[in-house]
Amino acid sequence: MKAVMVDEPGAVRVLDIPKPEPGPDDVVIRVGACGICGTDIHIIDGEFPPTVYPIVIGHEFGGDVVAVGADVESFQVGDRVGVDPTLNCGACYFCQRGMGNLCERWNAVGVGHHPGGFAEYVSVPAHVVYPIPAKLSMKAAALIEPVSCVVRGFHRLQPQTGETYLTYGAGPMGLLNAQVARYNGASLVALIDINPSRLDRARNEFGFENVATRLEDLEEIAPRGFDNVIEATGVTKVAEMAIDAVKRRGKLLLFGVCPPGEKASYDAFKIYNEEISILGTMAVLNSYGPAIDIIASGAIDVDRMVTDTYTLDEFPAALQHVRSGTGLKIQVAETSK
Ligand SMILES: [Zn+2]
Ligand SMILES: [Zn+2]
């Protein structure tokens with residue numbers, strides 16, 4: 001079968017490898033669609049420390065079951081499914097306390113040291129496989145994982161109905177955060193991006209009226225700042241600046257993946273005096289199921305989120321497209337289903 005292998009940082013190729021056989025507790029899935037994520041780029045560029053090379057990448061995917069292991073009772077051949085890529089150990093200090101996303105032996109499908117979804121077939125443990133409603137397309141199935149990261153962020157924020165939101169970044173993750181905010185009973189959702197064409201898309205295609213290239217331009221609609229500020233660019237300078245947008249007793253969520261080791265500095269007095277919270281959110285925790293339900297509810301505009309689809313053979317071109325910064329979510333699918 002075809003698969004996208006990263007042999008070592010900088011060396012990515014499409015090659016033929018044997019189709020996986022299921023272990024006793026595994027499910028083999030024919031991949032329907034798999035999204036390209038910023039993390040894939042970091043893995044390819046050697047900027048993601050947990051990755052063990054060589055690895056077949058891809059962690060945002062859905063498909064249909066083609067084989068089940070001898071001990072698997074929950075799935076049958078033909079089931080349509082999505083996959084929570086998290087493979088926490090279940091036995092470490094954090095796993096045993098319900099914090100599997102912070103596992104001391106952290107691993108994830110297509111990210112750590114388990115082959116991923118940029119392949120015709122993938123074998124994963126049945127306990128990370130979720131049935132999906134028949135009405136969800138494969139395009140939608142491959143969006144569940146990024147939405148599940150957003151849901152995890154909202155579980156950290158614990159916002160109240162009627163609050164206001166500002167998202168830094170109007171790329172795929174910024175727009176997913178903004179759509180979940182709207183779904184969550186926001187009274188105002190604004191977005192900031194330095195790229196005006198992304199703001200045009202946020203306004204014209206997703207209906208977000210309040211967009212700007214700088215915070216000053218939003219002062220009129222939110223003179224006291226925002227209850228929830230979500231940093232979704234992964235740029236440390238932006239993570240630092242974003243504190244200026246937080247209302248008194250508001251929260252700043254660091255959702256974007258900033259380069260390890262870079263420092264942001266904050267006015268400690270302001271954090272104290274204005275009762276501001278700064279929160280991190282790491283990947284997926286008990287949030288994949290809710291993400292399925294949110295997508296099934298129609299809260300995410302899947303067709304507008306997925307702007308381009310490539311085949312496995314076209315992976316290098318798809319990668320170039322992602323790096324160009326044009327388009328939103330770019331997916332790989334062997335056939336258009
Ligand atoms: Zn991802
Ligand atoms: Zn663990």
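**Entry 1**

I began with A283, which has a relative accessible area of 25% and so is partly exposed. I kept in mind throughout that this is a predicted model. A283 sits in the loop between β14 (277–280) and α8.

N286 counts as exposed, at 62% relative accessibility. I noted these angles because most residues other than glycine have a negative phi, and most peptide bonds are trans.

**Entry 1: a cis peptide bond**

I found a cis bond joining Y53 and P54, with omega at about -5°. P54 has its place in the loop between α1 (38–44) and β4 (55–56).

**Entry 2: the zinc ion, ligand 1**

Which protein atoms are the donors of the zinc ion (ligand 1)? I found SG of C37, NE2 of H59 and OE of E60, lying 2.1 to 2.6 Å from the ion. Along the sequence, these donor residues follow the spacing C-x21-H-E.

C37 counts as buried, at 14% relative accessibility. H59 is buried with a relative accessible area of 4%, and E60 is buried with 1%.

**Entry 3: the zinc ion, ligand 2**

The zinc ion (ligand 2) is coordinated by the SG atoms of C89, C92, C95 and C103, at 2.3 to 2.4 Å. I wanted the geometry too: the angles among its four donor atoms run from 103 to 116°, and the site is tetrahedral. The sequence spacing of the donor residues is C-x2-C-x2-C-x7-C.

How many disulfides does a search of the whole structure find? I wrote down zero. I took C258 as a case to follow up. The closest cysteine sulfur to its own is in C37, 14 Å away, so the two are too far apart for a bond. C258 counts as partly exposed, at 26% relative accessibility.

**Entry 4: salt bridges**

I turned to charged pairs, since side chains of opposite charge can pair when their charged atoms come close. The count came to 16 salt bridges. I picked a few of them to read closely.

- D303 and K139 meet through their side chains, 3.6 Å from N to O. This pair links distant parts of the chain, with D303 in helix α9 (residues 302–305) and K139 in helix α2 (residues 138–141), 164 residues apart. D303 counts as exposed at 55% relative accessibility, while K139 is partly exposed at 28%.
- R203 and D200 form a salt bridge whose closest N and O atoms are 3.3 Å apart. Both residues lie in helix α5 (residues 196–204), three residues apart, or about one turn of the helix. R203 is partly exposed at 31% relative accessibility, and D200 is partly exposed at 35%.
- D217 and R214 also meet in a salt bridge, at 3.1 Å from N to O. D217 is partly exposed at 43%, and R214 is partly exposed at 43%.

I also noted a network: K2, D313 and E334 are joined by salt bridges that share partners.

Last, I went inside, as nonpolar side chains in soluble globular proteins tend to be buried together. The largest nonpolar core has 47 residues, and I144, I295 and I300 have the most contacts inside it. Elements that each supply at least two residues include α4 (172–183), β10 (188–192) and α8 (288–296). Which element gives the most to this core? I found that α3 does, with seven residues. The core also draws at least three residues from each of domain 1 (2–143 + 300–332) and domain 2 (150–280).

Methods: Residues numbered from 1 in each chain as written. Chains lettered and ligands numbered in written order. Predicted model: local features only at pLDDT ≥ 70, side-chain atom pairs only at ≥ 80, totals over all residues. Heavy atoms only, no water. Salt bridge = Lys/Arg side-chain N within 4 Å of Asp/Glu carboxyl O. Helix = DSSP H or I, 4+ residues; strand = E, 2+ residues; numbered from the N terminus. Buried < 20%, exposed > 50% of the residue type's maximum accessible area, 1.4 Å probe, protein only. Disulfide = S-S within 2.5 Å. Donors = N, O, S within 2.8 Å, 3.2 Å for Na, K, Ca; no water. Tetrahedral: all angles 85-135°; square planar, octahedral: opposite > 155°, others 65-115°. Core = buried A, V, L, I, M, F, W, Y, C linked by side-chain atoms within 4.5 Å. Domains from an automatic or database assignment.
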